[in-house]
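I opened my notebook to look up strands, helices and one loop. My entries follow in the order I wrote them.

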Amino acid sequence: MLATKIRAAFAPCSLAAWPTPLEAQPALARALGLRALWLKREDRAGGNKVRGLEFLLSGAAPGSVFVTIGGAGSSHCLATATHARAQGHRTAVATFPQLETEASRAVAAATAAVANLLVRASSLVTLPWAVLRAWRAAHHLGRGTPRWIPGGGADPRAVIGHLLAALELGAQLDAPPDMIVVPLGTGGTAAGIALGVAWLGWSTEVVAVRVAPRIVANRWRTLRLTRSTAALLRQAGIELSVPRPPPPAPPRSAIRVRVVDAMGKGYGHPTPEGERARALAAEHGLKLDPAYGAKAFSIFLQPAAGNVQRAVFWHTFAWP
């Protein structure tokens with residue numbers, strides 16, 4: 001079994017209970033004109049970032065220090081600080097400002113409470129200086145050289161965790177969905193899902209809904225992450241194509257990712273479409289954050305979504 005081989009080869013630490021639930025939403029599906037809609041409840045395990053952190057924190061010596069970056073309301077920064085502390089490590093976090101909402105304020109407050117060091121940049125222009133300050137200070141927080149985690153956890157090792165999530169989905173559904181919808185920030189989650197879908201042999205389209213600036217949230221970067229992750233797995237003796245040996249990198253035709261823009265005015269800024277989607281979801285008991293979940297869910301309100309009958313929504317945001 002692929003998941004067993006992956007866990008044996010990379011020995012991730014255990015940060016949550018898997019699999020996350022897959023919940024059918026028949027009433028919400030009818031409201032959207034779908035035959036079937038499921039929610040992949042990554043939020044029930046603390047958010048989608050936990051998947052990658054199981055691999056990024058694995059093997060670190062006690063007292064290690066991790067440095068990362070993100071927006072003031074970054075769920076990645078919060079998850080990193082929370083789980084690093086639980087594993088006996090420390091964190092230095094550099095953040096940049098973002099629009100304040102109920103969700104971003106809650107995440108920012110929770111991050112400040114668990115991070116060992118929080119350096120706030122006054123703007124994106126001063127973020128490099130904030131990162132440098134965090135990195136220098138990290139040398140005095142714990143043992144050894146600090147470890148860097150890219151913003152959003154967009155690292156091939158973390159992508160493996162999201163690949164495992166897609167394999168979970170394969171065991172939870174009796175037939176492939178037409179579409180899987182996921183927010184697109186730094187691309188790691190979408191890349192892992194796309195790899196999993198390709199390995200399962202599904203014709204499912206992964207719709208990555210862009211909620212961050214194009215420089216970090218784009219199809220090219222997502223595909224690069226899939227190729228880097230496939231290469232990392234091959235180095236560990238794990239092939240994603242069976243039974244035939246794979247080419248040096250996954251062919252683009254095998255990775256079905258479509259990027260849809262929904263960022264609006266800026267990162268973290270609510271959009272009219274997202275707010276309509278958030279209100280509809282709330283009527284059916286589903287609470288979405290305005291920066292990621294609501295914007296991604298708004299894809300279901302677009303006319304083009306009418307051709308889709310069976311869809312999965314990747315619910316990534318865990319409220320603190």
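**Entry 1: a strand pair.** I began with V209, which stands opposite V260 in β9. Strand β9 covers residues 257–261 and runs parallel to β8, joined to it by 5 bridges. I noted the rule for pairing: DSSP must find at least two bridges between two strands. Strands and helices are DSSP runs, numbered from the N terminus: E over at least two residues for strands, H or I over at least four for helices.

**Entry 2: ground rules.** I am reading a predicted model, where local features need pLDDT of at least 70, side-chain atom pairs count only at pLDDT 80 or more, and totals for chains, interfaces and linings use all residues. Residues are numbered from 1 along each chain as its sequence is written, and side-chain values use heavy atoms, with hydrogens and water left out.

**Entry 3: the other neighbour of β8.** I turned to β7, residues 179–184. It pairs with β8 in the parallel sense over 6 bridges. L184 stands opposite R210 in β8. Helix α8 (residues 188–200) forms a right-handed β-α-β unit with β7 and β8. Right-handed means that, with the strands pointing away from the viewer, the path from the first strand over the helix to the second runs clockwise.

**Entry 4: burial.** Is strand β8 largely enclosed or open? I found that 5 of its 6 residues (205–210) are buried, so β8 is largely enclosed by the rest of the structure. Buried means under 20% relative accessible area, exposed over 50%, and partly exposed in between, with a 1.4 Å probe and protein chains only. I then checked D43, which counts as buried at 15% relative accessibility. D43 lies in the loop between β2 (36–41) and α3 (49–56). Beyond its neighbours within four places in sequence, D43 contacts H315, F317 and A318. Contact means heavy atoms within 4.5 Å.

**Entry 5: two helices.** Helix α7 (residues 156–172) packs against helix α9 (residues 219–235) at about 90°, with axes 9 Å apart. That makes α7 roughly perpendicular to α9, the term for 65 to 115 degrees. Axes are lines fitted to C-alpha atoms, for helices over the stretch in contact, and angles run from 0 to 180 degrees between N-to-C directions. Among the meeting residues, I listed V159 and L163 in α7 and L225 and L232 in α9.

**Entry 6: an open sheet.** I traced 4 strands in the order β5-β4-β3-β6, with parallel pairing. The edge strands, pairing on one side only, are β5 (117–120) and β6 (147–148). T68 stands opposite V93 in β4.

How values were computed: Parallel < 35°, antiparallel > 145°, perpendicular 65-115°, else oblique.
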